[in-house]
Amino acid sequence: MKNLICFCLCSLLMQSTGYAEDIRCVAVNKEKLFFGNQTIKLFYTVETARSREVDFKWHVSVNQVVLASRQRTLKLLVNRKTKTEIELELPKPRTGVPLELNLNIVINSKPVHQRVLLIVPENPLSNLKKQIILYDPAGETRKHFSAINVSHRVIHREVEFADIRDSIILIGEGISWKKTRTLTLTIQQSLQRNNQVICLRPEEGKISLTDLFDDDLKMAGQLQFSDSRIIQKLIP
């Protein structure tokens, strides 16, 4: 009888405190870098070991000052992924200075997810006075330039990056990051020379932002990842 009473008291306590240890909240899109002055959507899945309704809250802060927060009720089913989204208006950071936002998700008064969003200044293509350089070893991107009247220069070897300053550099589509392991260092050095670099969709492999920035995120606003559709924005 004593054990039964203890069990019932524990169950009541778990319900009254919003017990959330058996709830799992996972980010679907894991991007970390975003351009400021736009609205984005972050998608999440929530799983639970037992069916119930939960209180889903999130807030975004910078330097412990809350910029935005929302709250809703989610209906969770046992061993089923419930999809939800967070719509967030990103502020415009000061030029050249990435803004660090802290996103926190709380379910039934229990923290379940924390994430840092780095907000960088607006799209580098907004400054079209800069020279446009195309590095296209796979030959997949030049055809897009033939359809638009935009002055640009094509380079063919990584050593040619050394003389480029204050320009917009496009890394063409179809490149293999696995086979061009020196390109990460080449891009890093190009950013240090005040270039803005846009990496188009690769064929394979990935680039490490940790290796690229060496924990110094001052240059994060000079780098962008996109696909060939961004070339249309080069049209004056």
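Visitor: Let's start with D55: what does this residue count as at 21% relative accessibility?

Guide: D55 counts as partly exposed, because its relative accessibility is 21% and buried would need under 20%. Bear in mind that this is a predicted model.

Visitor: Which residue forms a salt bridge with D55?

Guide: The idea to start from is that side chains of opposite charge can pair when their charged atoms come close. Here the partner is K57, with the closest N and O atoms 3.7 Å from each other. K57 is partly exposed too, at 34% relative accessibility.

Visitor: How many salt bridges turn up in the whole structure?

Guide: A search finds 8. Have a look at E47 and R24, whose side chains meet with 3.3 Å from N to O. This pair joins distant parts of the chain, since E47 is in strand β3 and R24 in strand β1, 23 residues apart. R24 counts as exposed, with 51% relative accessibility.

Visitor: Which residue pairs with E85 in a salt bridge?

Guide: That would be K41, at 3.5 Å between the closest N and O atoms. E85 sits in strand β6 and K41 in strand β3, so the bridge ties together parts 44 residues apart in sequence. Both ends are partly exposed: E85 has 29% relative accessibility, and K41 has a relative accessible area of 40%. There is also a network of salt bridges, which links D22, R50 and R52.

Visitor: On to the sheets. In what order do the strands of the open sheet come?

Guide: In general, strands of a sheet pair through backbone hydrogen bonds, either parallel or antiparallel. In this model, 3 strands make an open sheet in the order β1-β3-β6, with antiparallel pairing. β1 and β6 are the edge strands; each has a single partner, so one side of each lacks a neighbour in the sheet. From one strand to the next, the twist averages 30 degrees.

Visitor: How many bridges join β3 to β6?

Guide: There are 8, and the two strands run antiparallel.

Visitor: Now the inside. Which residues have the most contacts within the largest nonpolar core?

Guide: The background is that in soluble globular proteins, nonpolar side chains tend to be buried together. The largest core here has 25 residues, and L42, Y44, V46, W58, L88 and I105 have the most contacts inside it. At least two residues come from each of β1, β3, β4, β5, β6, β7 and β8. β4 gives the most, 5 residues. A second core, separate and made of 15 residues, includes Y135, I175, L183 and I187.

Visitor: What is W58 in contact with, leaving aside neighbours within four places in sequence?

Guide: Its contacts include A68, R72, I86, L88, L103 and I105. Follow that to L103, which belongs to strand β7. L103 is buried, with a relative accessible area of 0%. Beyond its sequence neighbours within four places, L103 contacts L42, Y44, V60 and H113, among others. Q114 is 11 residues from L103 in sequence, while their C-alpha atoms are 5.7 Å apart.

Visitor: Is S109 buried or exposed?

Guide: Exposed, because its relative accessibility is 61%. N108, by contrast, counts as buried at 16%.

Visitor: Last one: which element has the lowest mean pLDDT?

Guide: Helix α1 (residues 2-16), at 41, whereas strand β4 (residues 52-62) has the highest, 94. Over residues 1-19 the pLDDT stays below 50, and this stretch has 9 contacts beyond near neighbours in sequence. Where pLDDT is low, the predicted coordinates should not be read in detail. For the protein chain, mean pLDDT is 79, and 75% of the residues reach 70 or more.

Conventions
Residues numbered from 1 in each chain as written. Predicted model: local features only at pLDDT ≥ 70, side-chain atom pairs only at ≥ 80, totals over all residues. Heavy atoms only, no water. Buried < 20%, exposed > 50% of the residue type's maximum accessible area, 1.4 Å probe, protein only. pLDDT = per-residue confidence, 0-100. Helix = DSSP H or I, 4+ residues; strand = E, 2+ residues; numbered from the N terminus. Contact = heavy atoms within 4.5 Å. Core = buried A, V, L, I, M, F, W, Y, C linked by side-chain atoms within 4.5 Å. Salt bridge = Lys/Arg side-chain N within 4 Å of Asp/Glu carboxyl O. Pairing = 2+ DSSP bridges. Axes fitted to C-alpha atoms, helices over the stretch in contact; angles between N-to-C directions.
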